[in-house]
Each structure stands twice: as C-alpha cells, then as structure tokens.
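Have the model open beside you as you read.

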Amino acid sequence: MRQTLDAHDAPSRPLRERVFSGIQPSGASHLGNYLGAQVNYVAMQEEFETIYGIVDYHALTTVHDGAELRRLTHEMVLDLLAVGLDPQRCALIRQSDLPEHAELAWIFNTVVPVSWVERTPTYKEKRQQGVENSMGLLDYPVLQAADIVIYKATRVPVGKDQAAHLELSREIVRAFNRRYGPIFPEPEPVFTEVPVVLGTDGATKMSKSAGNTIPIFAEPDEIRRLVMNMVTDRQRIRRSDPGRPEICNVCQLHRFFGSDYLQIQDGERTARTGCVDTKQLLAERIIEFFRPMRAERARLAADPAVVEETLAAGRAKVRPILEATTAEVRQLVGIGPRRAP
Ligand code: AMP
Ligand code: TRP
C-alpha cells in the first residue's frame with residue numbers, strides 16, 4: 001500500500017492523476033453528501049492520488065459561531081473516516097491549515113470578472129435562502145477553484161449541484177493560463193449516478209443550510225422520524241390512490257438502498273403498498289446500510305487524538321505540492337522575492 005502522495009514529483013506531472021474535493025463543515029453529513037460525492041471520494045482512493053479538504057474558510061460564509069465551526073470541523077473528520085477514507089491512502093486536510101489556498105484565491109480574484117461570480121446559480125440560490133450577501137459568499141467559487149488547482153488536480157468528485165462551480169473553475173484556469181502561461185490543468189467533475197438528492201421537503205436540494213437533510217449518522221430513531229415525515233406525492237391522499245413513484249422522493253431513494261426498487265415503485269403505482277410501508281422500509285434500510293459505518297465512527301470518536309493526528313498527517317503530505325505551486329505562481333505573477341534562476 002502507498003504510504004505517501006506522489007509529492008516528490010510536484011510541480012511537474014504527478015505519477016498518478018490527482019484528485020481533490022472539498023466538503024464544508026457546516027453540518028452533519030447527509031444522504032446527498034454521501035450518495036452524490038462521498039461514495040466517489042472512497043472509491044477514488046484506490047486508483048488516484050487523492051486529497052480531500054474540509055473547507056472551513058468556505059463554511060465561514062454561513063457558520064458564524066467560532067466554537068460551533070470548530071466542533072463541526074471535528075465531526076466532519078470523523079464522518080469522512082467512518083465512511084471509508086483511509087489516511088494511509090488519501091490526504092485529509094483542513095483548508096485553514098493551508099492559507100496558501102486563500103492566497104491563490106486572491107490572485108485569481110485579480111483575474112476573474114465580477115460578472116462571472118454574480119451569475120453563479122448557487123450564489124443566487126443562497127441569496128434566496130437569506131444567506132448574508134458577503135464578499136465571501138460572492139467569492140466562494142473562486143476559492144473553490146484555488147482549492148483544486150493549487151494541487152493541479154484534474155478530477156473532482158462532487159454532486160451534480162456543483163457542475164456550475166466546476167465549469168467556473170475551468171474558466172478561471174483558462175483566464176489565468178491566458179494571462180500568465182499554461183501552468184494549470186483544467187479540472188473535470190466526477191459524478192456518481194445519482195441525480196441531485198432532494199430534501200425531506202421533496203421540493204429542494206437536500207442541504208445543510210436548508211434544514212431538510214437526513215444525516216447519515218443520526219440515531220436510528222431520528223432517521224425513522226425524518227423519513228416518516230418526508231413529503232411524497234402530494235396528490236396521493238388516500239391509501240387507495242395510485243402513487244407516482246417518479247415524483248416520489250421516497251421511491252427515488254429506494255433505488256440506492258436495495259435492488260428491488262422496481263417492485264417497490266410498482267407497489268406504489270398500483271396502490272398495493274402505501275406510503276407508510278414504503279417509508280418504514282426505507283428508514284430501516286438506511287439504518288442498516290450505515291450501521292457498520294456508525295459503529296466505526298463511534299470507535300474513532302472514542303480516541304480524542306485521532307482527528308488532529310489525521311489532519312496533521314494530511315497537512316504534511318500536501319505541503320510540498322502546495323509550496324511548489326505557490327512558488328511557481330508567485331514567480332510568474334511577480335510577487336515576493338525573485339527566485340534564483
Ligand atoms: P457541501 O455539503 O455543500 O459542502 O457538499 C459536499 C459535497 O456533497 C459536494 O460534492 C456536493 O456536490 C455534494 N452534495 C451536497 N448536497 C447534495 C445533494 N443534495 N445531492 C447530491 N450531492 C450533494
Ligand atoms: N463548494 C463545494 C460544496 O458546497 C465545496 C468545495 C469547496 C469544493 N472547495 C471545493 C468541492 C473544491 C470540490 C472541490 O459542496
């Protein structure tokens with residue numbers, strides 16, 4: 001098993017293709033995070049050089065209590081280890097341990113036209129949700145681009161809600177490369193087969209900020225409660241009414257927790273089964289699916305040192321890569337002392 005990243009090779013081509021993804025410590029990991037992104041974080045460790053970041057600078061746009069942000073960051077490390085990230089194979093980092101990310105974002109800020117970030121769909125969505133319209137919120141995707149390209153990562157496992165951000169990352173790379181020379185590769189998103197997972201309201205994307213999530217490590221009774229309260233097909237009022245599984249969020253989620261979802265959908269369509277049956281079954285399957293990961297999480301959480309040790313190891317692995325890119329960029333744009341030729 002590989003113990004280190006292929007860092008010695010930076011800043012030229014890494015030995016294996018490099019992967020980066022980030023997740024905000026703004027709440028507990030939920031089904032959308034898991035099905036949309038974390039499944040691929042785990043799978044890609046096998047084949048690629050993988051770096052995963054807990055992006056706490058990003059979370060500052062919505063989490064405004066310092067103690068709470070620190071707690072959420074700690075919990076997110078445990079979540080990621082429990083779903084299967086292996087610190088022997090990947091580097092798990094805390095973004096704020098590596099302020100070079102923010103420096104590169106600033107440099108990108110001088111390249112990116114304001115109109116590009118103003119038209120970002122997630123910016124508009126968050127404004128609609130009432131998130132404070134800070135410079136940080138507007139600049140969010142520029143920092144995201146910096147997170148990825150500071151490692152010259154070429155593949156980015158994310159949920160489909162991030163497609164526009166990745167498109168913008170590529171535009172930013174092209175704009176920078178045009179101005180200063182072609183040093184950054186254009187990153188590609190890597191999606192799972194799931195569409196954007198809807199929240200328990202059945203209407204909007206499952207997201208920590210919308211308060212409509214099913215946290216994967218919630219207590220079993222909490223998962224039961226949340227699933228039982230999910231909004232399904234509003235037109236199915238009586239038990240005998242036929243359902244419409246294509247618009248029922250509960251039926252859609254069954255796809256990912258069992259191979260018999262076609263029968264389940266058929267049961268709904270013909271009113272052989274009712275929403276309550278389908279929900280109960282889904283809740284039990286979700287609980288069963290995450291049971292071993294929940295046990296692993298409890299085991300890890302009992303060791304008070306595990307989180308900081310994991311982050312220190314991640315930081316040490318990525319430092320050489322990030323220092324090489326930072327030196328290269330500073331030289332190219334003309335900031336800092338001149339490097340010896
Ligand atoms: P976030 O919680 O916004 O930091 O998202 C972390 C990862 O989970 C990103 O790759 C997102 O694209 C993915 N993700 C978040 N919510 C969903 C969702 N409802 N459906 C699919 N993927 C999601
Ligand atoms: N914007 C991403 C999200 O909300 C989180 C993120 C920050 C990210 N930096 C990243 C994702 C870099 C991929 C790569 O989900």
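## The second largest pocket

Helix 7 is the main contributor to the lining of the second largest pocket, giving seven residues. Helices and strands here are DSSP runs (H or I of at least four residues for helices, E of at least two for strands), numbered from the N terminus. Helix 2 (56-59), helix 4 (100-109) and helix 5 (114-118), like helix 7, each supply at least two residues of that lining.

This pocket holds about 360 Å³ of space. Of its 19 lining residues, Asn-109, Met-135, Gly-136, Leu-138 and Asp-139 are the closest to the centre. By type, the lining divides into 14 nonpolar, four polar and one charged; Ala, Val, Leu, Ile, Met, Phe, Trp, Tyr, Cys and Pro count as nonpolar, Asp, Glu, Lys and Arg as charged, and the others, Gly among them, as polar.

A word on terms: on a 1 Å grid over the protein atoms alone, a pocket is an open set of points where a 1.4 Å probe fits, with protein on both sides within 12 Å along at least five of seven lines, and lining residues have an atom within 4 Å of a point. Points are joined across faces, edges and corners, and the volume is the space filled by probe spheres set on them.

## The largest pocket

The largest pocket has a volume of about 870 Å³. Its lining has 45 residues, and those closest to the centre are Gln-24, Asn-33, Asp-161, Gln-162 and Lys-205. Two or more lining residues come from each of strand 1 (18-23), helix 1 (31-44), helix 6 (121-128), helix 7 (135-149) and strand 4 (155-157).

Helix 1 gives the most to this lining, with five residues. The lining comprises 17 nonpolar, 21 polar and seven charged residues.

## The chain as a whole

The protein chain has 13 helices and five strands. Its radius of gyration is 21 Å, close to the 20 Å that the globule rule gives for 341 residues, so the chain is as compact as a globular protein of that length. That radius is taken over C-alpha atoms, and the rule is 2.2 Å times the number of residues to the power 0.38.

Of the 341 residues, 52% count as buried (under 20% relative accessible area, 1.4 Å probe, protein chains only).

## About the model

This is a predicted model, in which local features need pLDDT of at least 70 and side-chain atom pairs count only at pLDDT 80 or more, while totals for chains, interfaces and linings use all residues. Residues are numbered from 1 along each chain as its sequence is written, chains are lettered from A and ligands numbered from 1 in the order in which they are written, and side-chain values use heavy atoms, with hydrogens and water left out.

Methods:
Buried means under 20% relative accessible area, exposed over 50%, partly exposed in between (1.4 Å probe, protein chains only).
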